[in-house]
Amino acid sequence: MRYLTAGESHGPQLTLIIEGLPSHLPFSKEKIDFQLARRQKGYGRGRRMQIEKDQVQILSGVRFGETTGAPVTLVVENKDWTHWQKVMSTDPLPEEAEKRRISRPRPGHADLNGAIKYDHRDMRDVLERSSARETTMRVAAGAVARLILEECGIRIAGHVLRIGDVEAKRVELSWDERLERAERSPVRCLDPEAEQQMMSLIDQAKKEGDSLGGIVEVIVEGVPVGLGSHVHWDRKLDARIAQAVVSINAFKGVEFGIGFEAASRLGSQVHDEIEWSTEKGFSRRTNRLGGFEGGMTTGEPIVVRGVMKPIPTLYKPLLSVDIDSKEPFAASIERSDSCAVPAACVVAENVVAWEVARALLEKFPADTLSELKEQLARYRERVLNF
Ligand SMILES: Cc1cc2nc3c(=O)[nH]c(=O)nc-3n(C[C@H](O)[C@H](O)[C@H](O)COP(=O)(O)O)c2cc1C
Ligand SMILES: C=C(O[C@@H]1CC(C(=O)O)=C[C@@H](OP(=O)(O)O)[C@H]1O)C(=O)O
């Protein structure tokens, strides 16, 4: 399974082509739109999210509510495009574009590196594609992957652990309570006390023209043992998930289970002891390693966290240099979010969903959904009797 996305932030639309989906997968536009709507929410986002109402149009690969096995094309309209048609024109250099040229790169964004690399004097040619608007289509791809996972009894949840210096307390909740509470929280946080503090912190940062980052956690339950492989570096599923998470705009790091804390603990306090019972087969007494050993799933839940740096665009801009005059200037200000950690949490859930579904289809190659489910059921049986 693979996909490509295309589209500029203020262009007419975003496009996604997915190839390699099994046929006869019940295809729900509602479920994809639901994930897109989740990504648009979150305390701390800017005005753009009030303009957009992300919904997919299905252009290929689906007929009468099911995949056919052909590539699936999905598009999402950028409603804001109507305000940007001249600036984003595909015609040769209209006057309007010159007036709106961006020549003062924002520290922390892709502006300067992209402009130098692709030789652009207008940094809009970089920011249009480096914008996290593109994560809309990665969420759409993940939402399609979730349709497969759901059929295979695999479920995913995410929540925000930290915004700035406010850390959520760990709370013991059932799966459904966790989903419900994260969904209800404006910052996708499970701890109500931290939630209030996070929101005040965002208000304060916004008032001061500053921005905030944070930490999100994604949990995947119901994965069979043995997705991914130890035999070659690019087949290790934890490594692929790490790439998927760090590829989300502004994500700077990733950890599994107890993560970086493993460095300061003794081995006896890190590795997960092995148990066996007739009902469960092999399992672990703990899940400190977050569901991975040797690049393969252990069958315990995958627990992965990602860290997001604060948003680079500041209404109180940092110092930059104008690329024309080479004089020092305040960086340019584009309309911006002040905190996008809750939205990024939804992106993280969905990029992880994609990688798990891809690994599932590598282990159980299938042209049809029933071929996939039959192989998985046989494998689960074999694992139980191992
Ligand atoms: C959901 C989401 C929304 C974002 N919104 C903004 C924004 O409004 N303004 C901004 O400057 N950066 C925003 N970012 C971060 C930039 O896209 C990101 O920092 C930039 O592409 C440079 O990439 P890097 O930070 O990974 O190096 C957002 C990121 C995500 C995931
Ligand atoms: C459009 C989205 O996020 C955008 C991501 C983004 C950036 O620089 O990454 C900058 C802002 O763009 P704009 O200036 O158009 O408001 C965000 O709104 C989105 O998430 O759908």
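This report describes the helix packing, the sheets and the ligand surroundings of the structure shown above.

The structure is a predicted model, in which local features need pLDDT of at least 70 and side-chain atom pairs count only at pLDDT 80 or more, while totals for chains, interfaces and linings use all residues. Residues are numbered from 1 along each chain as its sequence is written, and chains are lettered from A and ligands numbered from 1 in the order in which they are written.

## Helix pairs

Helices (H or I, at least four residues) and strands (E, at least two) are DSSP runs numbered from the N terminus. Two packed helices are described by the angle between their axes and the distance between the axes. Axes here are lines fitted to C-alpha atoms, for helices over the stretch in contact, and angles run from 0 to 180 degrees between N-to-C directions.

| Helix pair | Angle | Axis distance |
|---|---|---|
| H6 (residues 135-151) and H10 | about 50 degrees | 7 Å apart |
| H1 (residues 29-40) and H6 | about 140 degrees | 9 Å apart |
| H9 and H10 | roughly 150 degrees | within 9 Å |

Angles under 35 degrees count as roughly parallel, over 145 as roughly antiparallel, 65 to 115 as roughly perpendicular and the rest as oblique. With an angle of about 50 degrees between them, H6 is therefore oblique to H10. For H1 and H6, which pack at about 140 degrees, the arrangement is therefore oblique as well. H9 and H10 cross at roughly 150 degrees, so H9 is roughly antiparallel to H10.

A crossing is left-handed if the near helix is turned anticlockwise from the far one by less than a right angle, and right-handed if clockwise. H6 and H10 cross in the left-handed sense, whereas the crossing of H1 and H6 is right-handed, and that of H9 and H10 is right-handed.

Two residues are in contact if their C-beta atoms, placed from the backbone, lie within 7 Å. Ala, Val, Leu, Ile, Met, Phe, Trp, Tyr, Cys and Pro count as nonpolar, Asp, Glu, Lys and Arg as charged, and the others, Gly among them, as polar. Between H6 and H10, the residues that meet include Arg138, Val139 and Ala145 in H6 and Asn350, Trp354 and Leu360 in H10; by class, this contact has 14 nonpolar, 3 polar and 3 charged residues. Between H1 and H6, Lys31, Ile32, Gln35, Leu36 and Arg39 of H1 meet residues of H6 including Thr135, Val139 and Leu147, and this contact divides into 7 nonpolar, 4 polar and 2 charged residues.

## Sheets

Two strands pair if DSSP finds at least two bridges between them. An open sheet of 4 strands runs in the order S1-S2-S6-S3 with antiparallel pairing, and its edge strands, each pairing on one side only, are S1 (2-6) and S3 (56-60). On average, neighbouring strands of this sheet are turned by 20 degrees against each other, direction ignored. Within this sheet, S2 (residues 13-19) and S6 (residues 72-77) pair in the antiparallel sense over 6 bridges, with Gln13 opposite Glu77 in S6. H6 packs on the sheet, touching S1, S2, S3 and S6, and its direction makes about 35 degrees with that of S2.

Another open sheet has 5 strands in the order S8-S7-S9-S15-S10, with antiparallel pairing; the edge strands are S8 (166-167) and S10 (251-256), each pairing on one side only. S9 (residues 214-221) and S15 (residues 302-308) run antiparallel and are joined by 7 bridges, and Val220 has Ile302 as its bridge partner in S15. H9 (residues 237-246) lies across S10 and S15, running at about 150 degrees to S10, while H10 lies across S7 (155-163), S9 and S15, at about 145 degrees to S7.

## Ligand surroundings

A residue is near a molecule or strand if its C-beta atom, placed from the backbone, lies within 6 Å of it. Ligand 1 has 21 residues around it, of which Ala132, Asn249, Thr313, Asp337 and Ala340 come nearest. H10 (residues 341-363) gives the most to this shell, with 3 residues, and the shell around ligand 1 divides into 10 nonpolar, 9 polar and 2 charged residues.

Around ligand 2 stand residues including Ser9, Arg48, Ala132, Arg133, Asn249, Glu334 and Asp337. The shell around ligand 2 divides into 1 nonpolar, 6 polar and 5 charged residues.
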